[in-house]
Amino acid sequence: MGVYMPVKKVLKRVLLAGSVAAVVAPAAGAGELSPVEQQIVAEVKAHAPQGLALLERSVNINSGTLNHEGVREVGKLFGAEFEQLGFKTRWIEMPAAMNRAGHLEAAREGKQGKRVLLIGHLDTVFEKDSPVQKWDRKGERVRGQGVADMKGGDVIIIEALRALQKAGALDNTSITVMFSGDEENAGDPISVSRADMVAAAKHSDVALAFEGVVRNKQGVETGTVGRRASSSWELVVKGKQGHSSGIFTPEAGYGAIFEAARIIDAFRRELPEADLTYSPGLILGGTEASLDAGGARGAAYGKNNIIANTTIVKGDLRYLSQEQGDRVHAKMQAIVAQHLPGTSAAISFHESYPPMSPTAGNLRLLDAYSKASEDAGLGKVPALPPGERGAGDVQFAAPYVDSLDGLGAGGRGSHSPDEELDIPSIERSTIRTALLIYRLTR
Ligand SMILES: [Zn+2]
């Protein structure tokens, strides 16, 4: 910093920082905050009411994933804030057939420090006809559509950047903000709906995502260093159709339903390991079985006196690293291949969210976040056990850059009618985030 800045501005900044330092005494047990960092904290606190007002405005615009107009309107509201902070914004359209509103990207380019990607989303699970209230404040808590998941997180990003800008600390930094318009129900194909997220990650050094902060069992706010891959599998089993009275003979074999049962039961007994889950969600078997185009509904026909010749099973599979995924795929393939007499079977896999593994780089990033929190008197931030979260957008960045998630707002009941925000969590997360971005971009 400094070499790109006129002397007058530097002087003004030093004076300002000095005056703020005089009034903001570090909290007991706090570590070291530089004068500029103390100013950043003071700016966050000073602007908290306006930040909450911005959150209220955004929450009062319904932006269910399929309400394109609403998603775009929230994008416009937040986009204007980024423009004010000196970012260039653009709206990324998705193909019409995808039926998604698109995404907001805001970016600034500089030459200093790490290139940072900040991830949020504009949509919520509450569609336009949802009976859930929009904004209903009672004391330090607010209930409403997306207050915590994750318009609260979006506002944390904006308020952190605003504090940095006021302290002159955005100058010459490279920061990209991606707000997806379809995080809650990602557009298909995912290779298209997440292409811009992947491109932004490849252009960055670190990714910070602002899904809700989760407290651990001790009640301490954590950071998310890993999220499991979300993938699916489909098993198709064939048998020989014949009279039921001949089943288990060498000629008739065991039929498709016993073979499917053998496979699924072997999965249950032989696959369990840490951070892995798998669950069959749909099964159809008989002499005819077929799935609808959507893959969630189907039809089956069969008779008691006929050996079934077809069974289809669809299921879910979640794992924490690509290595774990590859190993479990191979084990499942091997189980499938041990056919009962007179049957055959094949299994296929489809990955939708790649794993965010708890890498050494992610843990270092959490350490830096935790240090910033401690220095601001907000305590250490430990890692959430990585198996404990569902899938999120950060997973598209995680294969390319050190990543951290769960830096957003605190609350409870996300996706439910009782979704609730803990208002003071916004200020805590904003302070931690602003200090981390400041330190990463020096
Ligand atoms: Zn979310």
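## Aromatic pairs

Phe 179 counts as buried because its relative accessibility is 0%, where buried means under 20% relative accessible area, exposed over 50% and partly exposed in between, using a 1.4 Å probe and protein chains only. Phe 78 is buried too, at 0% relative accessibility. This is a predicted model, in which local features need pLDDT of at least 70 and side-chain atom pairs count only at pLDDT 80 or more, while totals for chains, interfaces and linings use all residues. Residues are numbered from 1 along each chain as its sequence is written, and side-chain values use heavy atoms, with hydrogens and water left out.

Seven aromatic pairs turn up in a search of the whole structure; rings of Phe, Tyr and Trp (its six-membered ring) pair if their centres lie within 6.5 Å, with planes under 30 degrees apart counted as stacked, over 60 as edge-to-face and the rest as tilted. Phe 78 and Phe 179 make an edge-to-face pair, because their ring centres are 5.8 Å apart and their planes stand at 80 degrees. Phe 78 belongs to helix α4 (residues 68–84) and Phe 179 to strand β6 (residues 173–180), so the pair ties together parts 101 residues apart in sequence. Helices (H or I, at least four residues) and strands (E, at least two) are DSSP runs numbered from the N terminus.

A tilted pair is formed by Tyr 353 and Phe 396, at 4.9 Å centre to centre and 55 degrees between the planes. Tyr 353 is in strand β13 and Phe 396 in the loop between α10 (360–375) and β14 (402–404), so this pair ties together parts 43 residues apart in sequence. Tyr 353 is buried at 10% relative accessibility, and Phe 396 is buried at 6%.

## Aromatic cluster

One aromatic cluster consists of Phe 78, Phe 82, Phe 87 and Phe 179. The charged end of Arg 108 sits over the ring of Phe 87, 5.4 Å from its centre; this requires NZ of Lys or CZ of Arg within 6 Å of the ring centre and within 35 degrees of the ring normal.

## Pocket and cavity

The largest pocket holds about 370 Å³ of space. On a 1 Å grid over the protein atoms alone, a pocket is an open set of points with protein on both sides within 12 Å along at least five of seven lines, a cavity is a set where a 1.4 Å probe fits but cannot get out, and lining residues have an atom within 4 Å of a point. Grid points are joined across faces, edges and corners, and a volume is the space filled by probe spheres set on the points. Of the 14 residues lining the pocket, Ala 186, Asp 188, Ile 190, Ser 352 and Tyr 353 lie nearest its centre. Strand β13 (residues 344–353) supplies the largest share of this lining, four residues.

There is one cavity of 30 Å³ or more, and the largest cavity has a volume of about 50 Å³. Its lining includes His 121, Met 150, Glu 183 and Asp 405. β3 contributes the most to that lining, with three residues.

## Backbone geometry

Most residues other than glycine have a negative phi, and most peptide bonds are trans. The bond from Asp 149 to Met 150 is cis, with omega near -10 degrees, and Met 150 lies in helix α5 (residues 147–166). Another cis peptide bond joins Asp 188 and Pro 189, with omega about -5 degrees.

Asn 99 has a positive phi near 60 degrees and is partly exposed at 39% relative accessibility. Phe 248 has a positive phi of about 75 degrees and is partly exposed at 45%.
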